[in-house]
Amino acid sequence: MTQTIFVSSTFIDLEAHRRLVRDAIARLELTFKAMEFFGALPDTPKAECLRLVRASNIFVGIIGMRYGFIDPDDGKSMTQLEYEEAQAIRLPTLMYLIDEEHHPVLPKFVDTGAGAEKLLAFKGQLKKAHVVNAFSSPEDLAAKVTQDVVRLVGAMDKAPGAQVMPQLAATATRMHRLTPPRFAFLKGKIAGSCTQDVPDSVLHESLGFLLGGDNMAAAFTLSRGAPMSLDDAIDSLMRIEKILIELVKDAQAARESDTP
């Protein structure tokens, strides 16, 4: 199976870096996914970014001197939200931080104020969670990404079972699109049904599969994105399904009682 790589970074300051990384990935005959290839899509840019992260096999994060656009709902940049989505579903992750001592950067591409503070905190989080690699030029970054991706893909090919969730996310068609208010309502109703804490993004996608009738995709999504076994995920979804059935029955009873 061809591995799909999602490349996350701010754009305008790292455009040359992204281009060389894209070319390097293409030479490896792997698939590159990133925001510049969105085109016309039905959902918001944020929703599409996170969907593409979930549909990928590998996450590559490139961090320069800009924190990037901050989502008003989360108070975090899209780059950080993409990274957190990848961690929520446990995607293999490669992180690259700019070498601040040796990489030339134009002043206009250096954040100050609140953005700089958020970027510093984000970089600190990355250094604690990963063995990060520093890059001193676009060419240096592309060479390091090539080396690391070849090594990672080789390791992943020896354990293909770990790639169930990305395959499902990429190929599943039976998904009910939950609006944010409806998801918030259902989340409240099914609280406590899962044996482990589940990230909202994973729960949202799992419920979408469940409501669309694809129970197996829902179970794999839940087990891949939360620290639980497939059996626990199935049991959790059975409890959730019972609650959903009761909600439907209550709604039907309410409508019948209102009928003259």
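Predicted model: local features only at pLDDT ≥ 70, side-chain atom pairs only at ≥ 80, totals over all residues.
Q: Is Glu-139 buried or exposed?
A: A residue counts as exposed when its relative accessible area is over 50%. Glu-139 has 53% relative accessibility, so the label that applies is exposed.

Q: What distance separates the C-alpha atoms of Glu-139 and Val-21?
A: Along the chain, Glu-139 and Val-21 are 118 residues apart.

Q: What share of the contacts in the chain with a separation of 6 or more comes from residues 24 or more positions apart?
A: For the setting, the chain comes to 10 helices and 7 strands, and 43% of its 260 residues count as buried. Among contacts with a separation of 6 or more, the share from residues 24 or more positions apart is 76%.

Q: How far does helix α4 reach from its first C-alpha to its last?
A: Helix α4 covers residues 113–129, which makes 17 residues. At 1.5 Å a residue, 24 Å would be expected. The model comes close to that, with a reach of 25 Å.

Q: Why do the buried residues of α4 lie on the same side?
A: Let's start with who they are: Gly-115, Leu-119, Phe-122, Lys-123 and Leu-126 are buried in α4. They lie on the same side of α4 because the arc they cover around the axis is only 100°. An α-helix has 3.6 residues a turn, so residues three or four places apart point the same way. For α4, then, the value to remember is an arc of 100°.

Q: Which exposed residues does the face of α4 turned away from its buried side carry?
A: On the buried side, the cover includes β3 (58–63), α3 (78–88) and β6 (93–98). The face turned away from that buried side carries the exposed residues Ala-114, Glu-117, Leu-120 and Lys-128.

Q: How many residues of α3 are buried?
A: The buried residues of α3 include Met-78, Leu-81, Tyr-83 and Ala-88. The helix is largely enclosed by the rest of the structure, because the buried count among its 11 residues is 9.

Q: At roughly what angle do the axes of α2 and α3 cross?
A: Lys-46, Cys-49, Leu-50, Val-53 and Arg-54 in α2 meet Met-78, Leu-81, Glu-82, Glu-85 and Ala-86 in α3. The residues of this contact divide into 6 nonpolar, no polar and 4 charged. The crossing is right-handed. The axes come within 9 Å, and the crossing angle is roughly 35°.

Conventions
Residues numbered from 1 in each chain as written. Heavy atoms only, no water. Helix = DSSP H or I, 4+ residues; strand = E, 2+ residues; numbered from the N terminus. Expected span 1.5 Å × (residues − 1). Buried < 20%, exposed > 50% of the residue type's maximum accessible area, 1.4 Å probe, protein only. Arc of directions from axis to C-beta. Contact = heavy atoms within 4.5 Å. Axes fitted to C-alpha atoms, helices over the stretch in contact; angles between N-to-C directions. Left-handed = near helix turned anticlockwise from the far one by under 90°. Nonpolar A, V, L, I, M, F, W, Y, C, P; charged D, E, K, R; others polar.
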